[in-house]
Amino acid sequence: MVDISDAFPGFSVHDVDAARAFYGEVLGLAVEESMGGLRLTLPSGQGVFVYPKDDHEPASFTILNFEVADLEGTVDDLNAAGVITKIYTDPHSFGTDERGIAWGSKTGQGPDICWFRDPSGNVLSLIAQ
């Protein structure tokens, strides 16, 4: 058996400086240099490795989900910081409102959630607690 001391997720970006600013200044996560990339520290204490990749292609799925107590207020804060939260415009895909919020609790189709992208195009979400 392998003796593993810890594990952590990771994802690529095309611009580490832009990622540092976005995750640190816009989202307010602790960000530090690590192994040629960045280490994000999530509110739970979990570390996430963000590494540069010249031929980066954004993930086609949500790579990080952020739980928030006030979904609408957090969406307003992101929009005020210039983050676009309405990334799905097809009304048949997720049924999001004008700000990009899918009200799953009202329709019985999952949580209240809103998606947005980081500067490298990776999809992130806010989920109401």
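Predicted model: local features only at pLDDT ≥ 70, side-chain atom pairs only at ≥ 80, totals over all residues.
**Ground rules.** I number residues from 1 along each chain as its sequence is written, and my side-chain values use heavy atoms, with hydrogens and water left out.

**Aromatic pairs.** I searched the whole structure and found six aromatic pairs, where rings of Phe, Tyr and Trp (its six-membered ring) pair if their centres lie within 6.5 Å, and planes under 30 degrees apart count as stacked, over 60 as edge-to-face and the rest as tilted. I looked up Phe22 and Phe116, whose pair is tilted, with 6.4 Å centre to centre and 50° between the planes. Phe22 belongs to helix H1 (residues 16–26) and Phe116 to strand S7 (residues 112–117), so this pair ties together parts that are 94 residues apart in sequence; helices (H or I, at least four residues) and strands (E, at least two) are DSSP runs, numbered from the N terminus. Phe22 and Phe116 are both buried, where buried means under 20% relative accessible area, exposed over 50%, and partly exposed in between (1.4 Å probe, protein chains only). I also noted that ring pairs link Phe11, Phe22, Tyr23 and Phe116 into a cluster.

I then turned to Phe49 and Tyr51, whose ring centres are 5.7 Å apart with planes at 25°, so the pair is stacked. Phe49 is buried at a relative accessible area of 15%, whereas Tyr51 is partly exposed at 32%.

**Strand S7.** How many of the six residues of S7 are buried? I find that five of them are, and the strand is mostly covered. S7 runs antiparallel to strand S6 (residues 101–103), to which three bridges join it; two strands pair if DSSP finds at least two bridges between them. Within S7, Ile113 stands opposite Ala102. S7 also pairs with strand S8 (residues 123–128) in the antiparallel sense over five bridges, and here I found Trp115 opposite Ser125. S7 and S8 form a hairpin with five residues between them, and Gly121 in the turn has a positive phi of about 90°.

**Open sheet.** Four strands form an open sheet of mixed pairing in the order S1-S4-S3-S2, and I recorded strand S1 (10–13) and strand S2 (30–34) as the edge strands, each pairing on one side only. Strand S3 (residues 37–41) and strand S4 (residues 47–52) run antiparallel, joined by four bridges, and Leu40 has Val48 in S4 as its bridge partner.
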